[in-house]
Amino acid sequence: RPLMKRLLILLLLAAGTALAAMAQREQDFAARFNTLYGERYDLELRTISPQMMERILRLDDVESNDRAASVLAQLKSIRILTAGRTVAEAESLFTMAEALADKNRRRYRLHAHAAGQSVYTRRHGNQLVELVVIRIKDPHTFYLIDLTGNMSDDIISQILSI
């Protein structure tokens, strides 16, 4: 019986890990938004990959900053999408991003909304696997910041305070 219990626990852990990995392999919000609107608008998408995240974590400045190291250790990748030459274009992209999140409300939940900024989360079970920040920084620039990884809930306030 102890062997069966251990085997069952191992199988459950393996299944949970596989599901979490599958959730992270799905197309993230920034990639989807870029696919839908990248040709029509002049969108610039930058990605910081897992390999680059590992290199950043090894930098002396990051290793000596506990807060930054804590945040970065939870992330798998970062995508930053920017666009906008006019106020109207930035506002239009902001509205389209919110509409896309609303259309996918089973996947993305609104966490916070303020003038010019919305924050959405995606969870797999209780685990936060994606954090999407949509904002208009200055009147004419649209930003979409998409973080993926295995994140704790306190990362939201840490990210928004940066």
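Predicted model: local features only at pLDDT ≥ 70, side-chain atom pairs only at ≥ 80, totals over all residues.
Figure 1. Starting at the N terminus, the order of elements along the protein chain is α-α-β-α-α-α-β-α-β-β-β-β-α. The protein chain has 162 residues, and 36% of them count as buried. If you take the contacts with a separation of 6 or more, 59% are between residues 24 or more positions apart.

**Figure 2. A look into the largest nonpolar core, a group of 22 residues.** The members that touch the most other members are Phe29, Phe33, Leu43, Leu93, Ile134, Phe142 and Leu144. Two or more residues come from each of helix H2 (29–37), strand E2 (75–83), helix H6 (87–103), strand E5 (127–136) and strand E6 (142–151). Of these, H6 is the biggest giver, with seven residues in this core. There is also another core, lying apart from this one, with 14 residues that include Leu75, Ile155, Ile156 and Ile159.

**Figure 3. Phenylalanine 142 and the residues around it.**

**Figure 4. Helix H2 and what its buried residues pack against.** Phe29, Ala30, Ala31, Phe33 and Tyr37 are the buried residues to look for in H2. Around them, the packing partners are strand E1 (44–48), E2, H6, E5 and E6. Look at the start of H2 as well: there, a side-chain oxygen of aspartate 28 comes to within 3.3 Å of the backbone nitrogen of alanine 30.

**Figure 5. Where H2 crosses H6.** The two helices pack at an angle of about 120 degrees, and their axes are 11 Å apart. That angle is why H2 and H6 count as oblique to each other. The crossing of H2 past H6 is right-handed. On the H2 side, the residues that meet the other helix are Phe29, Arg32, Phe33, Leu36 and Tyr37. On the H6 side, they are Leu93, Met96, Ala97, Leu100 and Ala101. As a bit of background, an α-helix has 3.6 residues a turn, so residues three or four places apart point the same way.

**Figure 6. Phenylalanine 29, a residue of helix H2.** With 2% relative accessibility, phenylalanine 29 counts as buried. Leaving out residues up to four places away in sequence, phenylalanine 29 touches Ala97, Leu100, Ala101, Tyr108, Glu130, Val132, Ile134, Leu144 and Asp146. Leucine 147 is 118 residues away in sequence, yet the C-alpha atoms of phenylalanine 29 and leucine 147 are 9.4 Å apart in space.

**Figure 7. Glutamate 130, buried in strand E5.** Is glutamate 130 buried or exposed? Its relative accessible area is 0%, so glutamate 130 is buried. The side chain of glutamate 130 reaches the backbone nitrogen of phenylalanine 29 at 2.9 Å. Another polar contact, of 2.7 Å, links the side chain of glutamate 130 to that of arginine 122. Setting aside neighbours within four places in sequence, the residues in contact with glutamate 130 are Asp28, Phe29, Tyr108, Tyr120, Thr121, Arg122, Asp146, Leu147, Thr148 and Met151.

**Figure 8. Threonine 148 in strand E6.** Threonine 148 has 7% relative accessibility, so it counts as buried. What does its side chain make a polar contact with? The partner is the side chain of serine 77, at 2.7 Å. Not counting residues up to four places away in sequence, threonine 148 touches Asp28, Gln74, Leu75, Lys76, Ser77, Val129 and Glu130.

**Figure 9. Glutamine 127 in strand E5.** Glutamine 127 counts as partly exposed, because its relative accessibility is 33%. The side chain of glutamine 127 reaches the backbone oxygen of methionine 151 at 3.0 Å. Asparagine 150 sits 23 residues from glutamine 127 along the chain, and 6.6 Å separates their C-alpha atoms. Apart from residues up to four places away in sequence, glutamine 127 touches Arg122, Asn150 and Met151.

Conventions
Residues numbered from 1 in each chain as written. Heavy atoms only, no water. Core = buried A, V, L, I, M, F, W, Y, C linked by side-chain atoms within 4.5 Å. Buried < 20%, exposed > 50% of the residue type's maximum accessible area, 1.4 Å probe, protein only. Helix = DSSP H or I, 4+ residues; strand = E, 2+ residues; numbered from the N terminus. Contact = heavy atoms within 4.5 Å. Polar contact = N/O pair within 3.5 Å; in protein donor to acceptor, adjacent residues only side chain to side chain. Axes fitted to C-alpha atoms, helices over the stretch in contact; angles between N-to-C directions. Parallel < 35°, antiparallel > 145°, perpendicular 65-115°, else oblique. Left-handed = near helix turned anticlockwise from the far one by under 90°.
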